[in-house]
Amino acid sequence: MRIVVVGGVAGGMSCAARARRLDESAEIIVLERGAHVSFANCGLPYFVGGEITDEQKLLVQTPASLRAALALDVRTGSDVVAVDTDARQVTVRTADGESALSYDALVLSPGATALRPPLPGLDSPRVRTLRTVDDAVALRDRVHDGARRAVVLGAGFIGLEAAEALAGQGLEVTVVELAAHVLPPLETELASLVAQELGRLGIDVHAGVGAAAIEPGDDADTVVLTDGSRIPADLVVLSVGVRPDTAPFEAAGIVCERGAIVVDAHGRTSAPGVWAVGDATVSVDAVTGIRRPVALAGPANRAGRLVADDILRPGAARAVPRPIGTAIVRVGELAAALAGANRSSLDAAGIPYRTLHLHPNQHAGYFPGAAQIHLVVHVRTGDGLLLGAQAVGTEGVDKRIDVLATALRAGMTVTDLIDLDLAYAPPYGQAKDAVNLTGMVGENVLSGALALWYAEELDDLAGRALILDVRTAGEYATGAIPGSLHIPHTELRERLDEVRDAAAGRPVRVTCQSGVRSAIAHRVLTQAGFDSASLSGGMLTLRAWLGERQSDVLTAPSVLQDA
């Protein structure tokens, strides 16, 4: 049995290692185009930033260590340029020329390659990507050679990690993102928090604008943006996305969609005896059913293991699960994480949903260091099935998203979260953990005990509803919705006649700082006969949704208005 694996790193090496553990007699050959077959690609930005100082630490395994431990025949510098699926052989190009290699089972794990848009000047030597160890070493060397100004094209996960790394090395960094905000998969109200943190780090952000050209110069390049801005750069990092690196396999007749290899539930391709894993394959989203590649290390590693099972234990192997896209990134002092679907993907799939916003502390409020986690959770209208979750905060984000990702995988509803028995002690959590609180809010929404209105509805409410602000006078004075009526929630029961007069038959839409007091006020109002709803996430979410516009939209009320 000869198993040939094309491509190492996550999916390929996971498959090869598992295959060896299952079959000591199999001949397992790994063909890797690059110089490194198993390296920490997720650690590359931290090497550029100096947190990882030793290049060798990035090399998880070497051909020699893999031969010694697992008897794998690992061949670096070996580029597979053609596949003959009928003859069951691949054509391999090396420094010595081309040769044919036969296989009994072929596993394709070619990964993805950086997108290179048709941008004038993109071939400048100052333009770099960050996908390999060599890329990381080249970027670090440019920094050490005196680069002072960097432009990062793309504000996705890798782009922001690269931007932070370069800023940490003392460079003036500008991030350019064509989408409306940084980290496009993140919801607007959370992405604005990340943008604020980038500003605190001294990183300049140009969102909603693209690069039009790169003009090479003797001492520096100039990045020209579509809005006419011109940014000088000693270094340009290209991080606008990736595409599946599948040209020779598609040319061999293996079925692909938009360049990604189509596989079944066990990783089998359209060609007999050929499997595929990782960034280069089409995945079916577990929540929306959308078909797309998922460029994440975790799913690729796990899929590689399951493909090995299917090759060597056919009929007994588990199916490769549909990914829910759990991911996390550090930006300065913040962590931003997500799992499952966001608004745009749910809208595209036509799935009806409700959104919950919460701002609970990561641990007991009385214990030193308490800080808020800003949570956004989407649940299916009707039954409350969990559809997606996102969070931003300084601590505790990873724990909550991992719990919610587990709940998503298990097909739990939002009310199931109420009863999760999570670890609690004052330094680590609360008796009602953020996840439990999400369940409680969700149950209130599903039962009708809590009606919500959302930040994006603000413009439509002008004149049609009374905005009632139930924060304290001090909070109200920091900025409020124009025309809102201010009554602290502790005084509301005694001042219902004022609300009735001001509403004049209109609906009442309540807000507070985070959504807790407005929910209490909502219950008072509905039981007094008002058409009421509580602002999801309160002013914290509204300010984050407005972002830079909040100073134009919110007003600082006078003392007379407060009274």
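Trainee: Which residues touch the most other members in the largest nonpolar core?

Mentor: Among its 43 residues, those that touch the most other members are Leu160, Leu166, Val173, Val175, Leu186, Val194 and Val392; a nonpolar core here is a set of buried Ala, Val, Leu, Ile, Met, Phe, Trp, Tyr and Cys residues joined through side-chain atoms within 4.5 Å, and buried means under 20% relative accessible area, with a 1.4 Å probe and protein chains only. Keep in mind that this is a predicted model, in which local features need pLDDT of at least 70, side-chain atom pairs count only at pLDDT 80 or more, and totals for chains, interfaces and linings use all residues. Residues are numbered from 1 along each chain as its sequence is written, and side-chain values use heavy atoms, with hydrogens and water left out.

Trainee: Which helix gives that core its largest share?

Mentor: Helix H5, residues 157–168, supplies the largest share with six residues; helices (H or I, at least four residues) and strands (E, at least two) are DSSP runs, numbered from the N terminus.

Trainee: And what does Val173 touch?

Mentor: Leaving aside residues up to four places away in sequence, Val173 touches Ala150, Val152, Ala163, Leu166, Ala167, Gly202, Ile203 and Asp204, where contact means heavy atoms within 4.5 Å. Another core, of 30 residues, lies apart from the largest one, and its members include Ile373, Val379, Val397 and Val403.

Trainee: Switching to H11, how far apart are its end C-alpha atoms?

Mentor: They are 20 Å apart, which agrees with the 20 Å that the 14 residues of H11 (434–447) should span at 1.5 Å a residue, because the expected span is 1.5 Å times one less than the number of residues. Just after H11, Gly448 has a positive phi of about 90 degrees.

Trainee: Which residues of H11 are buried, and what covers them?

Mentor: The buried ones are Ala434, Val435, Asn436, Thr438, Gly439, Gly442 and Val445, and their cover includes strands S27 (353–358), S28 (373–380) and S30 (452–453), together with helix H10 (397–409).

Trainee: What sheet is S30 part of, and where in it does S30 stand?

Mentor: S30 belongs to an open sheet of five strands with parallel pairing, in the order S30-S34-S33-S31-S32; two strands pair if DSSP finds at least two bridges between them. S30 and S32 (485–486) stand at the edges with a single partner strand each, so one side of each has no neighbour in the sheet.

Trainee: Are S6 and S7 parallel or antiparallel?

Mentor: S6 (residues 79–84) and S7 (residues 89–94) pair in the antiparallel sense over five bridges, and in S7 Thr91 is the bridge partner of Ala82. The two strands form a hairpin with four residues between them, and Arg88 in the turn has a positive phi of about 55 degrees.

Terms used
Buried means under 20% relative accessible area, exposed over 50%, partly exposed in between (1.4 Å probe, protein chains only).
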